[in-house]
Protein chains: 2
Amino acid sequence: MFDPKAFIENSIEEIRKTVGKSRVISACSGGVDSTVATYLVHKAVGEELVAVFIDDGLRREGEPEFVVRVLKDFGIKNRLIDAKAAFFAVFKGKTDAEEKRKAFREKFYRTLGQVAKEEKIDYIVQGTIKADVIETVKGIKSQHNVLSQIGINPEIYGYKILEPLRDLFKPDVRKMGRELGLPSEITERMPFPGPALSLRVLGEVTPERVAIVRKATEIVEEETRHLNVFQSFAVLHNDKATGIKNGQRLYGDIITVRVVDSEDAVAAKATQIANESLRKIALRITQEIPTVVRCLYDITDKPPATIEFE
Amino acid sequence: MFDPKAFIENSIEEIRKTVGKSRVISACSGGVDSTVATYLVHKAVGEELVAVFIDDGLRREGEPEFVVRVLKDFGIKNRLIDAKAAFFAVFKGKTDAEEKRKAFREKFYRTLGQVAKEEKIDYIVQGTIKADVIETVKGIKSQHNVLSQIGINPEIYGYKILEPLRDLFKPDVRKMGRELGLPSEITERMPFPGPALSLRVLGEVTPERVAIVRKATEIVEEETRHLNVFQSFAVLHNDKATGIKNGQRLYGDIITVRVVDSEDAVAAKATQIANESLRKIALRITQEIPTVVRCLYDITDKPPATIEFE
């Protein structure tokens, strides 16, 4: 049985021992994992920690403001880095899923490395959890925050990595968050991938295409909030399909709605949603987003699918 | 109120008057429309008609054999043209939906024109119905068998077109089929587009990709037969997605399942299917087709979507 209180006490001691008198930054995306890791390290080193939120232009609606507010509420020093243009620049012309992941990862670490230099720190905290480690080892995906396993030496970016949650599964991370006194808006949050909406735009990642999937994501989240599912989101296809809008033929966009039940993200079931709810989601998405003519619902479990598309 | 008996009698008279002593071929795909048109003209001109089934490599499993058997059973002279390689050749390298439609149409009319020359005929029968005419006029799609409206002059191919069903909607075509004594396997058949599975392979149409969507189509038809829907089929995406098969990551194929209720194809509703049935379809498709890792269900009505994807 996982004991969050004991784990927190041990972690704090270990973090203090590892970090010593060094200063630390934490890459905090607002997700459960990285926010819990940030709070934990804040408890251990206090003012020596600066939480960094990188606005890569790939976040959900209102997310940058939300994360900064949460960090401020808890008195954690923080910096918001506007890197939107820089991230879209590295995605330009890239359509291959693995190339996109690599481009994101490299830009992410370079940006963080720059902040690390400015802040004169030695350690960076990351919210890596056990499922990330397992899947990277098995080759299911190359998780962007499990560096050593994919042959990236963080020292070339000028710092060392601290991953205090790497032995935990998601439910235990949530327990820790509750024990640390984080707001339920954070601890009960659904998982959100590091490379964010870039994974949910099949094909090239542009500001226009991210805006489409961001809006669709907002609708899906609103319409599935009451279901308390493990994860729910929207994906924009690169494929197009015929449709009719205002009586005219439109070769338009396709959005897939993905909703899953899961304990730990290692396996997942496509959530069975009432037909009326699905109809409403399809109606809203096609009515509120002018380019979208078609909505699909993902009916595949993991395995054989994964939760995300890329 | 539509009177199939009277319509048949009038049509037969009109066809005889139009055709005179000419010989006729009919492009019979096995669909309700073209088969009813074939039978009607057979009643009018008897032995002067040769029904032609062009095997373009894009038909459903077992379809060429089925159509030839049905024609033989009714004593209609017929020819099966094996044009599989020729059709795949024209699709090579084409990914744009409208280009694919045009390539299909041109190859179709050239192939039929060749048969027309060999058979020394003047008229070709086609199963064009009212919905095709309306949608071509409105620019929703360029229906391959509404030639004059899209600026194709059939005479350059060496023949004239006979479209005895062009004023009818689908339900009346079915009534005519029943009145003509066609087997219910034909009269109650779901609609199937002229360019066949080429519309249901997004991106390039190759023999391998058609084989995938053909197998998926067979599974969808088997699993939805009891629902008596207007139309049900599978679409192969050009986009790919991550999945896991035999414990290994696989960047694999995506299949969308499309099932609709409709009266006349002008408007349609995405059929509400029990979750258990959808699960079974997804399981079968991902288990029986090695490259497929993900199954989606289309939840969009027409409008704003169309029934087909291209």
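Let me begin with terms: helices (H or I, at least four residues) and strands (E, at least two) are DSSP runs numbered from the N terminus, and two strands pair if DSSP finds at least two bridges between them. This is a predicted model, in which local features need pLDDT of at least 70 and side-chain atom pairs count only at pLDDT 80 or more, while totals for chains, interfaces and linings use all residues. Residues are numbered from 1 along each chain as its sequence is written, chains are lettered from A in the order in which they are written, and side-chain values use heavy atoms, with hydrogens and water left out.

In chain A, five strands form an open sheet with parallel pairing, in the order E3-E2-E1-E4-E5. Strand E3 (78–82) and strand E5 (160–162) of chain A stand at the edges with a single partner strand each, so one side of each has no neighbour in the sheet. On average, neighbouring strands of this sheet are turned by 30° against each other, direction ignored; the axes here are lines fitted to C-alpha atoms, for helices over the stretch in contact, and angles run from 0 to 180 degrees between N-to-C directions.

Strand E4 (residues 123–125) of chain A pairs with E5(A) in the parallel sense over three bridges, and A:Val125 has A:Leu162 as its bridge partner in E5(A). Helix H2 (residues 32–45) of chain A packs on the sheet, touching E1, strand E2 (49–55), E4 and E5 of chain A, where contact means heavy atoms within 4.5 Å. The direction of H2 makes about 160° with that of E2(A).

Now to the two copies, superposed by least squares on the C-alpha atoms of residues with pLDDT of at least 70 in both. Chain A can be laid on chain B with an RMSD of 0.0 Å by a turn of 180° and a shift of 0.0 Å along the axis, which is the relation of a two-fold axis. Which residue of chain A comes closest to the rotation axis? That is A:Tyr297, with its C-alpha at 2.5 Å.

Finally, a charge sits over a ring if NZ of Lys or CZ of Arg is within 6 Å of the ring centre and within 35 degrees of the ring normal. By that rule, the charged end of A:Arg294 sits over the ring of B:Phe309, 3.9 Å from its centre, and the charged end of B:Arg60 sits over the ring of B:Phe192, 4.1 Å from its centre.
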